[in-house]
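Subject: Structure handover, with notes on what was found

Dear colleague,

Please look it over before reading on.

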Amino acid sequence: MALTAPSPSSEPRRATPSGAGRGEAAPSAGPPAAHQVLLCVALPCLAVSAEHGQLTGRGIEGFYQSGRRLLSRCRLRIAGREPLPVQGRLVAADRARFLAVVRTPEDAGPDPEISVERLRDADGTERITLHSSARRIRRFPVEIFFGTDLAELAAIGAGRAGPELPAGVYTAGLRWAAADGGSAVVTASPAPQDALAPAGLLRWEVELGPGGTHTIDLRIRSGRPVRPAGRTGNNPLPEAVAEGDDPRVGAWFAASLGDLRGLLVRGPGGPADLHPAAGVPWRWGPPAAEALWAVRMALPLGTRLAAATLRTLARSQFRGKGRDFGRLPGPLRDAGPHLPASCTGVEATLAFPVVLAEARRWGLPDSELAELLPAAERCLGWLRAAVDEGALLGEPGPTGPQRVETQAHAHRAALLGADLLDACGRPGADGWREWAGALRRRFTETFWIEDRAGGRPAAARLPDGRLLPYPSGSAAHLLDTGLLGEGRAAPGLLDRARTEQLARVLGSPALDSGWGLRGLAAKEPGHNPFGHRAGAVRVHETAVAIGGLALAGHEKEAGSLLRGLLDAAEAFGHRLPEMYAGEQRTAGGAPVPHPVACRPAAVAAAAGVHLLTALVGVRPDAPGGTVALHPVRSAPLGAVRLSGLRVAGEPFSARVSRLGLGMVEEAAAGLQLGGGDG
C-alpha cells in the first residue's frame with residue numbers, strides 16, 4: 001500500500017497519561033491503529049477520535065488542518081472526574097457524537113444524574129452539552145485540558161511528532177506556536193472563568209437546575225482560515241438518494257456519497273479545481289490512479305468531479321523528451337509476495353483516456369472534452385512507445401513483469417481511446433483497434449494457463465517468459481471492458497468460454513472470502529490475509545469483479561460477492577475501508593479490519609455508487625441521446641431505486657423491480673431509452 005504519510009510505528013512523546021497538565025513525557029507505547037478510531041472528514045480538515053471521545057494526545061488522535069495537527073489533547077473533567085463513556089459513533093462523514101455520564105457522590109441513587117453530549121466536527125468545532133436529571137440544583141467545576149505538538153501528519157505516522165508545546169493564554173482560550181511559524185488557537189464560548197497556560201487548562205463553574213442544560217462551544221483554528229472543499233457552493237456531487245427493499249442500500253449509498261464529499265481536496269486552480277483524496281488518514285497527497293478509479297465509478301453523480309480530476313492530473317503529465325513523455329506520475333505500490341512494486345503512474349496513464357471517454361458518454365460538455373483530449377492523446381502516445389514488439393505492456397524498466405491487470409488496462413485504454421479519437425475527428429482510431437486485436441491474440445497465447453479445472457489467466461508474465469500461475473483478484477480487471485456507444489460494452493481480452501471460466505475462478509472459495517474478493521487465493525504460496533496484494537480483500541477489485549461478472553451475465557457469482565460486500569459494509573458502519581483481511585467468513589463472524597487501511601477511502605466510497613448503478617444497469621450515451629437499462633435480472637438485493645443521478649447534465653432517476661425489470665423515472669428532455677428494458 002502506497003502511503004503519503006508513513007504508516008505509524010511509535011507514539012510521539014506526550015504528557016502524563018492523566019492529561020491533567022504538561023509533565024514528563026510518557027514512554028512511547030505505539031499509536032493506535034487507524035481502525036480503532038473514528039475519523040471525521042471534511043478535507044483539508046480532519047478530526048480523529050477514540051470511541052470514548054476524549055482526545056488523549058496518543059497516536060493519531062486530534063484535530064488536523066492541511067496535514068498539521070492543531071490539537072492533540074482535549075480531556076474533559078466534570079466535578080473532578082472524567083465522564084464515563086457510553087457511546088461514540090459517526091453521525092455523518094464529517095461529524096461524530098459522543099455520550100457519557102458522570103457519577104458523583106451527590107447522585108440520589110445508583111443511576112447517574114449528569115450526562116454529557118459532545119458533538120465533534122471535522123472543521124475544528126465541538127459542542128459540549130451537559131444535562132442534569134437531578135431533582136435539585138447541582139454545582140460543579142468543568143475543566144478541559146488541552147495540548148498540542150503542532151506536528152505534521154507524516155511525522156506523526158513515523159513516530160516523530162515531538163513533545164507538546166507550551167501554551168499561552170489567548171483571549172477566551174489558549175494559543176500555541178511552533179518554531180516553523182505554525183500556530184493554533186482554541187477558544188471557548190462562554191469564556192472560561194479561569195485559564196491556566198502552564199496546565200493547558202480552561203475552567204468553568206457550572207450550575208444546573210433540575211432538567212437544566214449548559215453548553216460550551218469550542219473552536220480550534222490556525223492562523224490561516226480554511227473552508228472544507230465539500231462544503232462550498234462548487235461541490236460537484238449532487239444530493240442523490242438510493243432506496244431499496246434492503247434498507248442497507250440507502251445507508252450504504254448515503255455513507256458513500258458523504259465520504260466522497262468529505263474527501264474532496266481543492267487544488268491550485270480555483271474553487272472548482274477539486275479532486276478526491278485517496279483516503280485518510282494516510283493518503284491525501286496529489287491525485288494518482290486511485291483518484292481516477294474513484295471518479296470513474298462516481299460518474300453516475302455527474303462529470304464535474306471527473307473533469308476537475310483529469311485537469312489536475314493533466315497538469316502533472318510528463319512533457320519532457322524521452323521515454324516518459326505522456327506518462328502520468330505516481331508512487332510505487334506494493335504488489336504482493338511474488339512481484340516487485342508496481343508503478344501507479346502507469347495505471348493512471350492508462351486510466352486517463354478511459355475516464356475521459358466514459359465521462360463523454362455520461363454527458364461531459366464538448367468544451368471540457370476538447371480541453372482534455374490532448375492529454376489523453378499523450379497518454380496513448382506513451383502506451384504506443386512503451387509496449388514491446390509482442391504488444392504486451394510491462395512495468396517500466398528492462399526487468400519489469402507484465403501483469404494481468406496492466407494488459408486489461410492497456411486494452412481498455414486502446415479501445416476507448418479509439419472511441420475518443422473517432423468522436424473528436426482525430427486520426428489513429430483504426431490503428432488502436434488493430435493494436436487491441438493483436439493484444440487479444442497475444443494475451444490468449446501467452447497468459448492463459450490450461451489445467452484440468454478449465455484454465456485461468458496467469459497473474460503475470462516474468463521477464464524470462466515464465467508465468468506466475470497463482471489465482472488472483474487482479475484478474476477481475478479482465479471483466480472491466482469499458483463503455484461504448486448505445487450502452488454497449490467494449491470487447492474484452494477474453495472470449496466467452498474463457499470469461500465463463502474466469503467467473504468460476506473468481507467465485508470459488510479460494511478467492512471469494514464471503515466478505516469480498518481476495519487479492520491472492522487462499523492456500524497459495526505467500527498468501528497473507530492482511531497482505532495488500534497477498535490475500536486481503538480490496539474493495540476496488542471486488543467492485544470491479546461484481547460489475548464485470550454482472551455485465552457478462554454471471555449473476556450468481558456477482559450476487560455472492562455483492563451480498564458479501566454489502567454485509568461487510570454494514571459491519572463497518574456502511575463506511576468501507578480500502579481493504580480488510582481476507583479471512584474466510586464463518587457463521588456469526590464479522591470482517592476483520594486491516595490495522596493501517598484508510599477509512600474512508602475514495603475507491604471504497606465510490607464502489608457503493610458504482611455497484612448500485614450497475615444493479616439498475618444504467619448505461620448512458622449522452623452524445624447519442626440515449627440511455628440503456630440492463631438491470632441485473634436476478635435482483636440480488638430486491639427492488640432498488642436511484643434518484644438524483646446525473647446523465648447529460650440533468651437529473652436522472654431509475655429503478656429495478658424485484659423481478660429484475662428496469663424503468664427510467666426521470667431523465668433529461670430528449671434523452672431516449674434504448675438498448676434495454678422499458
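This is a predicted model: local features need pLDDT of at least 70, side-chain atom pairs count only at pLDDT 80 or more; totals for chains, interfaces and linings use all residues.

Residues are numbered from 1 along each chain as its sequence is written, and side-chain values use heavy atoms, with hydrogens and water left out.

Buried here means under 20% relative accessible area, with exposed over 50% and partly exposed in between (1.4 Å probe, protein chains only). Leaving aside residues up to four places away in sequence, Phe-352 is in contact with residues including Leu-292, Leu-310, Leu-328 and Cys-379, where contact means heavy atoms within 4.5 Å.

Helix α2 covers residues 248-262, and helices (H or I, at least four residues) and strands (E, at least two) are DSSP runs, numbered from the N terminus. Twelve of the 15 residues of α2 are buried, so this helix is largely enclosed by the rest of the structure; among them are Trp-252, Phe-253, Leu-257 and Leu-260. The cover over the buried residues of α2 includes β1 (38-42), α11 (555-571), α12 (602-616) and β32 (640-647).

Turning to the cavities, a cavity is a set of points on a 1 Å grid over the protein atoms alone where a 1.4 Å probe fits but cannot get out, and lining residues have an atom within 4 Å of a point. Grid points are joined across faces, edges and corners, and a volume is the space filled by probe spheres set on the points. By this rule there are eight cavities of 30 Å³ or more, and the largest cavity has a volume of about 310 Å³. Of the 25 residues that line the largest cavity, Ala-335, Leu-339, Arg-403, Glu-405 and Ser-474 are the closest to its centre. Helix α7 gives the most to this lining, with four residues.

The second largest cavity has a volume of about 130 Å³, and its lining has 13 residues, of which Glu-290, His-532, Arg-538, Glu-578 and Val-603 lie nearest its centre.

With best wishes

Definitions and conventions:
The expected span of a helix is 1.5 Å times one less than its number of residues. On a 1 Å grid over the protein atoms alone, a cavity is a set of points where a 1.4 Å probe fits but cannot get out, and a pocket is an open set with protein on both sides within 12 Å along at least five of seven lines; lining residues have an atom within 4 Å of a point.
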